[in-house]
Every structure is written in structure tokens, then in C-alpha cells.
Amino acid sequence: MSYSEQTIQRYLLGELPESERVALEQAYFNDPRLFDRLVQTENELVDKYARGLLPPMLLTRFQEYYLAQPKLRERAKFAEALAAKL
């Protein structure tokens, strides 16, 4: 099965129904290329957040889900600090 960037973003933001979430997790555990795409999509999402480039709707979802998780919030804060230095 092929997953779109939008589906991967929805996964990263906790928006997929459980059955789709489980299917995607099984797929990326078994497909290194899909796992790489997931990591790349997450990196791009965090980078866009840090540079203030997320569209308003995506920004709201990012803030409500991603930043609500301590480890992920820490990662986003580090990206913000890095972006500020660059």
C-alpha cells in the first residue's frame, strides 16, 4: 500500500483512526523506505513549524497534538532555537 504525505502527516498529528494508524505502523516497521518517508515528513513538519511556515490549520493541529507530548515538544523547541540561530 502506498501512503500519501497527507496521510503520514495525519498519522504524525494523531488524526488517523486506530485501524489506519495500526496499518501504517505495521507497514513502516516492514518497509524501510516508508519509515524513511515518515521520518522525512516529520522533519519537514517540525522544520516548517520552527520557521513559522505552517499554514494556520496545520499549525493548530501541530500545536494541539505534537506539542502536547513532552518529547515531541522538546524536539520542536530545539528546532525553533536552531532556526533562530540560522
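Helices (H or I, at least four residues) and strands (E, at least two) are DSSP runs, numbered from the N terminus. The model on the screen is predicted: local features need pLDDT of at least 70, side-chain atom pairs count only at pLDDT 80 or more, and totals for chains, interfaces and linings use all residues. Residues are numbered from 1 along each chain as its sequence is written, and side-chain values use heavy atoms, with hydrogens and water left out.

**Stop 1: the cavity**

Please select helix H1 (5–12) and helix H3 (32–50), each of which supplies at least two residues of the lining of the largest cavity. On a 1 Å grid over the protein atoms alone, a cavity is a set of points where a 1.4 Å probe fits but cannot get out, and lining residues have an atom within 4 Å of a point. Rolling a probe the size of a water molecule over the atoms shows where empty space is left.

The structure holds one cavity of 30 Å³ or more. The space in the largest cavity is about 30 Å³, where grid points are joined across faces, edges and corners, and a volume is the space filled by probe spheres set on the points. To display the lining, select Glu-5, Gln-9, Thr-41, Glu-44, Leu-45, Lys-48 and Leu-54.

Which helix gives the most to this lining? It is H3, with four residues. Sorted by class, the lining has three charged, two polar and two nonpolar residues. In this scheme Ala, Val, Leu, Ile, Met, Phe, Trp, Tyr, Cys and Pro count as nonpolar, Asp, Glu, Lys and Arg as charged, and the others, Gly among them, as polar.

**Stop 2: the salt bridges**

Side chains of opposite charge can pair when their charged atoms come close. A salt bridge is a side-chain nitrogen of Lys or Arg within 4 Å of a carboxyl oxygen of Asp or Glu. How many salt bridges does a search of the whole structure find? The search finds seven.

Select Arg-75 and Glu-42, whose side chains meet in a salt bridge (3.0 Å, N to O). This pair links distant parts of the chain, since Arg-75 is in helix H5 and Glu-42 is in helix H3, 33 residues apart. Is Glu-42 buried or exposed? Buried means under 20% relative accessible area, exposed over 50%, and partly exposed in between (1.4 Å probe, protein chains only). Glu-42 counts as buried because its relative accessibility is 14%, whereas Arg-75, at 29%, counts as partly exposed.

Next, select Arg-51 and Asp-47, which form a salt bridge with their closest N and O atoms 2.9 Å apart. Arg-51 is partly exposed, with a relative accessible area of 47%, and Asp-47 is also partly exposed, at 33%.

Then select Glu-80 and Lys-77, whose side chains meet in a salt bridge (3.4 Å, N to O). Both residues lie in helix H5, three residues apart, about one turn of the helix. Glu-80 counts as partly exposed at 26% relative accessibility, and Lys-77 is partly exposed at 43%.

Finally for this stop, select Glu-18, Arg-21 and Glu-25, which are linked in a network of salt bridges.

**Stop 3: the nonpolar patch**

Select Phe-78, Leu-82 and Leu-86, which form a nonpolar patch on the surface with about 390 Å² of accessible area together. Patches are made of residues with over 30% relative accessible area and no salt bridge: like charges are joined within 9 Å, nonpolar side chains (Val, Leu, Ile, Met, Phe, Trp, Tyr) within 5 Å. Accessible areas come from the Shrake-Rupley method with a 1.4 Å probe; for residues, only the protein chains shown count as cover. Phe-78 lies in helix H5 (residues 70–85) and counts as exposed because its relative accessibility is 59%.

**Stop 4: two pairs across the chain**

Select Ala-81, which is also placed in helix H5. The C-alpha atoms of Ala-81 and Arg-51 are separated by 9.9 Å, although the residues are 30 apart along the chain. Last, select Ala-27 in helix H2 (residues 18–30). Ala-27 and Tyr-3 are 24 residues apart in sequence and 9.5 Å apart in space, C-alpha to C-alpha.

Key. On a 1 Å grid over the protein atoms alone, a cavity is a set of points where a 1.4 Å probe fits but cannot get out, and a pocket is an open set with protein on both sides within 12 Å along at least five of seven lines; lining residues have an atom within 4 Å of a point.
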